[in-house]
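Hi,

Here is the structure I promised to pass on. Have a look at it first, and then read my notes below.

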Amino acid sequence: IGFRLDDGTELRYQDTRKFGRMQLADRDNYRKELPLSKLGPEPWSADPEEIYQKLHRSRLPVKSLLLDQRILTGIGNIYANEICFELRIDPRTPGNQLEPAQAVRLVEAAKAILNKAIDLGGTTIHSFSAGGITGRFQNELQVHMQTVCPVCKGPIMKEAVNGRGTYYCAKCQV
């Protein structure tokens, strides 16, 4: 998709993985329009107490709640695995079992992991290439697609949690 701007330049939108969509909206009110109005905050502007309240109301696994963009925006499957590992929490733990302090740590971990991923150009898994551009965060992954825990040297487990591939260390993440 491309747009020719008044100054003759072009704005192009290329979505190789087909996850995104584009919609024209008013500059001042775009966050109030669907679908953006349903999104939760990004980690950098999230209030940990509000995140705790949303997580604590649910019996769903923390991993699933991290992927729910209505709770916290911008966390995908890889980063959810890494956040759970950073917190040393079992990704299958129901949200209503979290403590307020864990929600604070969750928001901080999300910010740190996403900041590092952004600084390194994102994560490129071996099965994906975006026009030859590869991110370097895949070199920093602690559990996602790993086989050995970097902390205890035990095995990394993989199982589906609500249909999503989930990697975790059964010893470190309790």
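The protein chain exposes about 10900 Å², and carbon and sulfur atoms supply 51% of that area. Please keep in mind that this is a predicted model. Buried residues come to 38% of the 174 residues in the chain. As for charges, there are 24 positive and 20 negative ones, and their mean positions sit 7 Å apart.

On to the overall layout. The C-alpha atoms fill a box of roughly 60 × 40 × 25 Å along the principal axes. The chain has 4 helices and 4 strands, and along the sequence they run β-β-α-α-α-α-β-β.

Helix α1 covers residues 48–56, and its buried residues are Ile51, Tyr52 and Leu55. They sit on the same side of α1, because they cover an arc of only 100 degrees around the axis. What do these buried residues pack against? Their partners are α2 (62–67) and α4 (100–119). The N-terminal end of α1 is capped by Asp47, with a side-chain oxygen 3.0 Å from the backbone nitrogen of Glu49.

Leaving out neighbours within four places in sequence, Ala103 is in contact with Pro48 and Tyr52. Tyr52 is one of the buried residues of α1 listed above. One more distance for Ala103: its C-alpha atom is 28 Å from that of Arg136, which is 33 residues away along the chain.

Next comes α3, residues 77–87. How many of its 11 residues are buried? The count is 10, so the helix is mostly covered, given that buried means under 20% relative accessible area. Among them are Ile78, Tyr79, Ile83, Phe85 and Leu87, and the list also includes Asn77, Asn81 and Glu82. The buried residues of α3 pack against α2, α4 and β4. Just after the helix, Arg88 takes a positive phi of about 60 degrees.

Thr73 deserves a paragraph of its own. You will find it in the loop between α2 and α3. Is Thr73 buried or exposed? It is buried, with a relative accessible area of 12%. Its side chain has two backbone oxygens to look at. A polar atom of the Thr73 side chain lies 2.6 Å from the backbone oxygen of Gly40, and the side chain also reaches the backbone oxygen of Gln69 at 3.2 Å. Not counting residues up to four places away in sequence, Thr73 touches Leu39, Gly40, Pro41, Glu42 and Pro43.

Most residues other than glycine have a negative phi, and most peptide bonds are trans. Here are the places that stand out against that:

- The peptide bond from Leu34 to Pro35 is cis, with omega near 0 degrees. Pro35 lies in the loop between β2 (10–12) and α1.
- Lys153 is not a glycine, yet has a positive phi of about 65 degrees. Lys153 sits in the loop between α4 and β3 (156–161) and is exposed, with a relative accessible area of 59%.
- Asn162 is not a glycine either, and has a positive phi of about 50 degrees. Asn162 belongs to the loop between β3 and β4 (164–169), and at 54% relative accessibility it counts as exposed.

Cheers

Technical notes. Residues numbered from 1 in each chain as written. Predicted model: local features only at pLDDT ≥ 70, side-chain atom pairs only at ≥ 80, totals over all residues. Heavy atoms only, no water. Helix = DSSP H or I, 4+ residues; strand = E, 2+ residues; numbered from the N terminus. Buried < 20%, exposed > 50% of the residue type's maximum accessible area, 1.4 Å probe, protein only. Areas by Shrake-Rupley, 256 points an atom, 1.4 Å probe, with all protein chains shown as cover. Lys, Arg positive; Asp, Glu negative; His and termini not counted. Charge placed at Lys NZ, Arg CZ, Asp CG, Glu CD. Arc of directions from axis to C-beta. Contact = heavy atoms within 4.5 Å. Polar contact = N/O pair within 3.5 Å; in protein donor to acceptor, adjacent residues only side chain to side chain.
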